[in-house]
Amino acid sequence: MEERMIEFLQAYGGAAYFLSLACNVVISVLGVVPSAFLTAANLTVFGFWPGFWVSFAGEAIGAVVSFVLYRKGLRRWSETTWLSHPKVKPLLHASGKEAFGLIFALRLLPFVPSGAVTFVAAIGRTSLSVFATASSLGKLPALWLEAYAVHQFLEAAWAGKLMLAVASIVLLWFVWRKIGQKAAG
């Protein structure tokens with residue numbers, strides 16, 4: 001998928017910046033598609049720092065567009081059962097500084113789905129300005145780490161990529177096993 005995105009962006013020259021931003025908005029609105037392949041394509045096509053800033057701008061704009069769309073169209077979902085989960089309620093009912101802190105912290109954590117944070121904040125009490133600021137500031141360090149990791153991966157030799165893949169599979173297996181043990185016990 002990454003190679004297709006690289007070819008797509010390279011084919012459009014100067015318009016590639018805007019197309020990358022548009023792709024990031026679509027990814028954000030969908031809420032379940034990881035953006036790492038687009039970050040990798042941006043780093044390859046534009047270079048590290050320009051690619052990082054294009055990815056950051058796209059994710060920040062995408063989060064705001066998603067927030068507005070979710071708020072307008074999905075507020076009726078605020079009564080669903082999963083939103084009454086104790087781990088969701090703090091963000092759902094937060095506003096002001098509390099919402100800012102929660103959103104900022106959740107954006108720093110790479111394993112928390114970005115779409116879920118945006119959705120809960122949008123149907124909750126969080127204002128657009130608090131969401132946009134906290135989300136963008138939280139994405140800066142998280143995206144820098146992602147961009148750096150992707151860049152290092154792209155620069156690595158095939159042996160390094162193979163070792164990373166094996167380590168990832170082993171780590172995933174341990175996490176899966178731990179989750180299975182918790183569910184059984």
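A residue is called buried when its relative accessible area is under 20%, and exposed when that area is over 50%. The model discussed here is predicted. By the burial criterion, Met5, Ile6 and Leu9 are buried in helix α1, which covers residues 2-11.

**Helix α1**

- Glu3, Arg4, Glu7 and Ala11 are exposed and sit on the face of α1 turned away from the buried side.
- The packing partners of the buried α1 residues are α2 (16-30) and α3.
- Gly13 follows α1 and has a positive phi, near 50°.

- Asn42 belongs to helix α3, which spans residues 36-46.
- Asn42 has a relative accessible area of 0% and is therefore buried.
- A polar contact of 2.8 Å joins the side chain of Asn42 to the side chain of Ser20.
- Apart from neighbours within four places in sequence, the contacts of Asn42 are Leu9, Ser20, Gly47, Gly51, Val54 and Ser55.

**Nonpolar cores**

- The largest nonpolar core has 14 residues, of which Phe67, Leu91, Ile103, Phe119, Val120, Ala121 and Phe131 touch the most other members.
- At least two residues of this core come from each of α4 (48-73), α5 (89-93), α7 (114-123) and α8 (128-155).
- Helix α7 makes the greatest contribution to this core, giving six residues.
- Ile103, when residues up to four places away in sequence are not counted, touches Leu91, Ala121, Thr126, Phe131, Ala134 and Ser135.
- A second core of ten residues is separate and includes Leu9, Phe37, Leu38 and Val54.
- Two of the residues included in this second core, Leu9 and Val54, are also among the contacts of Asn42.

**Annotated transmembrane regions**

- An unreviewed UniProt entry lists residues 12-37, 49-70, 99-123 and 156-176 under "transmembrane region".
- The span 49-70 is 100% helix and 0% strand, with its end C-alpha atoms 31 Å apart.
- Over residues 99-123, the chain is 80% helix and 0% strand, and the end C-alpha atoms lie 13 Å apart.

Technical notes. Residues are numbered from 1 along each chain as its sequence is written. This is a predicted model: local features need pLDDT of at least 70, side-chain atom pairs count only at pLDDT 80 or more; totals for chains, interfaces and linings use all residues. Side-chain values use heavy atoms; hydrogens and water are left out. UniProt positions are given in the numbering used here, feature names are shortened, and annotations may be inferred rather than shown by experiment. Helices (H or I, at least four residues) and strands (E, at least two) are DSSP runs, numbered from the N terminus. Buried means under 20% relative accessible area, exposed over 50%, partly exposed in between (1.4 Å probe, protein chains only). A polar contact is a pair of N or O atoms within 3.5 Å; within protein, one must be able to donate a hydrogen and the other to accept it, and residues adjacent in sequence count only if both atoms are side-chain atoms. Contact means heavy atoms within 4.5 Å. A nonpolar core is a set of buried Ala, Val, Leu, Ile, Met, Phe, Trp, Tyr and Cys residues joined through side-chain atoms within 4.5 Å.
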